[in-house]
Amino acid sequence: MIKYIIVGQGLAGTLLAYQMHKNNIPFKIIVDPSLKSASEIAAGLINPLVFKRLTKSWMADTLFPIMYETYTEMENMLSIKFIEQKKMIKPLAEQDIPMWQKRIKQGKMNHYIDRLDDNLKLEGYKPIEHYGALVQTGSCNLSMMIHAMRNFFKQHNYLIEDHLKIEDVTFKDKSVYWKNLSAEKIIFCKGYKDAQNPLFPSGSFYLTKGELIEIESNALSEDFILNKNLFVLPLGQKRFKVGATYQWDTINEDTSEEGKSELLTKLDKLIDTDYTVVNHWAGVRPTVKDRRPILGVHPQNDSLAIFNGLGTKGVMLAPYFSEQMLQLLENPLAEINEEVKLDRFF
Ligand SMILES: Cc1cc2nc3c(=O)[nH]c(=O)nc-3n(C[C@H](O)[C@H](O)[C@H](O)COP(=O)(O)OP(=O)(O)OC[C@H]3O[C@@H](n4cnc5c(N)ncnc54)[C@H](O)[C@@H]3O)c2cc1C
């Protein structure tokens, strides 16, 4: 008998399944590949700082080493490379400089800040008067990782391609049943679709739609990630991902002319070379009201659990919190971060 059923194979389901595989725990993943997933379109940017007040992003110092270690381990297992470290350039306004100087003097984030400097001319970009340069930044090619892991899960007979309907799930005698499967627990990792999951309290998510474009440009520097109101992420072969929008009023997976024109307006302020738009995507981030992931076993049903709420920074959060999620599944008394516990919504 399998121990766990995971529903969804985006970033959350993939990392949780990987932890189970590593620990020789029997499980199955159910995924509906016809559904769009945030993970497959996300830029996968890795950035340890929040620029608004120039602070470290939540738990960055704890998350970073585990993130790079876990993804490298997965890359080695799959014999592919989906993580790329690349410096990030943040163009600054005059009034941002004192804050950067203060942070550098404080020294608490100098392992992320490479330098603060003036006058940068990058091929294809307008001259940048002032800028900060970050290290330990980069990106995860999530689509490549998810698809390689899907093949891996298929080869190991872990994966079922199907659409799970909640009404087909039943619970009895500390077990969960779906079609011909039974397990100790079912863990929902359906991304934003869990905002409507009737098995959990409603109102915990505050979803964010996002749009991205891909451009092709022969004369744009591929040496750095640029980040100013929007990011320009080099993908190789003269392609760049540019994004993203944040929309809270309309939640759907449809690309829009407004989204595209918002991105193009911002892009044109940053670059001064020709480009062609070759792709345009939209997706929904599983963002939570208090901006923390959601991990836990349902307080009234031991066989029901959720791992979700990876929000806008899934790449950084998923490795560390998938480990915490597995600890919690294996031992209900395991000590995990208080802020992420599912209990907070009951
Ligand atoms: C435009 C955009 C840009 C982003 N950029 C970044 C970024 O630069 N860096 C970063 O760290 N994060 C970024 N994110 C956020 C990141 O994408 C998310 O945090 C992460 O992908 C969420 O993963 P998930 O597994 O929770 O959800 P998803 O990736 O949406 O996966 C959900 C899974 O559930 C499956 N599923 C759903 N319902 C069912 C069902 N009934 N039966 C079977 N399977 C089902 C789907 O098929 C899918 O496999 C971005 C998101 C968007 C939308």
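In β9, tyrosine 131 is the bridge partner of aspartate 117. The model described here is a predicted one. β8 and strand β9 (residues 128-134) run antiparallel and are joined by 6 bridges. Helix α4 (residues 97-106) packs on the sheet and touches β7 (88-92), β8 and β9. The direction of α4 makes about 150° with that of β8.

These strands belong to an open sheet of 8 strands with mixed pairing, in the order β8-β9-β7-β17-β18-β19-β16-β20. At its edges stand β8 (113-120) and β20, each with a single partner strand, so one side of each is left without a neighbour in the sheet. From one strand to the next, the twist averages 25°. Helix α6 (residues 257-270) lies across β16, β17 (225-227), β18 (231-236), β19 (239-243) and β20. The helix α6 runs at about 55° to β16.

## The sheet of 3 strands

An open sheet of 3 strands has antiparallel pairing and the order β3-β10-β6. Its edge strands are β3 (45-46) and β6 (83-85), each of which pairs on one side only. Between β3 and strand β10 (residues 138-140) there are 2 bridges, and the two strands pair in the antiparallel sense. Serine 139 in β10 is the bridge partner of leucine 45.

## Domains

The chain is divided into two parts, each built from separate segments of the sequence: domain 1 covers 4-42 + 143-204 + 291-345, and domain 2 covers 87-136 + 208-285. The centres of domain 1 and domain 2, taken over C-alpha atoms, are separated by 32 Å. Domain 1 gives 6 residues to the contact and domain 2 gives 6 residues. On the side of domain 1 that touches domain 2, the residues divide into 3 nonpolar, 2 polar and 1 charged.

## Ligand site

The ligand is surrounded by 41 residues, and the closest are Gly8, Gly10, Gly191, Gly210 and Gly314. Two or more residues of the shell come from each of α1 (11-22), β2 (27-31), α2 (38-41), β16 (208-216), β20 (276-285) and α7 (314-330). By class, the shell around the ligand holds 20 nonpolar, 16 polar and 5 charged residues.

Domain 1 (4-42 + 143-204 + 291-345) and domain 2 (87-136 + 208-285) both give residues to this shell, so the ligand lies between them.

## Packing of α3 on α7

Two packed helices are described by the angle between their axes and the distance between the axes. For helix α3 (residues 60-78) and α7, the angle is about 85° and the axes are 8 Å apart. That makes α3 roughly perpendicular to α7.

On the α3 side, the contact is formed by Thr62, Leu63, Ile66, Met67, Thr70 and Tyr71. These meet Met316, Leu317, Pro319 and Tyr320 in α7. The residues of the contact of α3 with α7 divide into 8 nonpolar, 2 polar and no charged. Helix α7 is also one of the elements that give two or more residues to the shell around the ligand.

## Backbone exceptions

Most residues other than glycine have a negative phi, and most peptide bonds are trans. The peptide bond from glycine 243 to alanine 244 is cis, with omega near -10°. Alanine 244 lies in the loop between β19 and α6.

Leucine 54 is not a glycine, yet its phi is positive, at about 50°. Leucine 54 is placed in the loop between β4 (49-50) and β5 (55-56).

How values were computed:
Residues numbered from 1 in each chain as written. Predicted model: local features only at pLDDT ≥ 70, side-chain atom pairs only at ≥ 80, totals over all residues. Domains from an automatic or database assignment. Contact = placed C-beta atoms within 7 Å. Nonpolar A, V, L, I, M, F, W, Y, C, P; charged D, E, K, R; others polar. Near = placed C-beta within 6 Å. Helix = DSSP H or I, 4+ residues; strand = E, 2+ residues; numbered from the N terminus. Pairing = 2+ DSSP bridges. Axes fitted to C-alpha atoms, helices over the stretch in contact; angles between N-to-C directions. Parallel < 35°, antiparallel > 145°, perpendicular 65-115°, else oblique.
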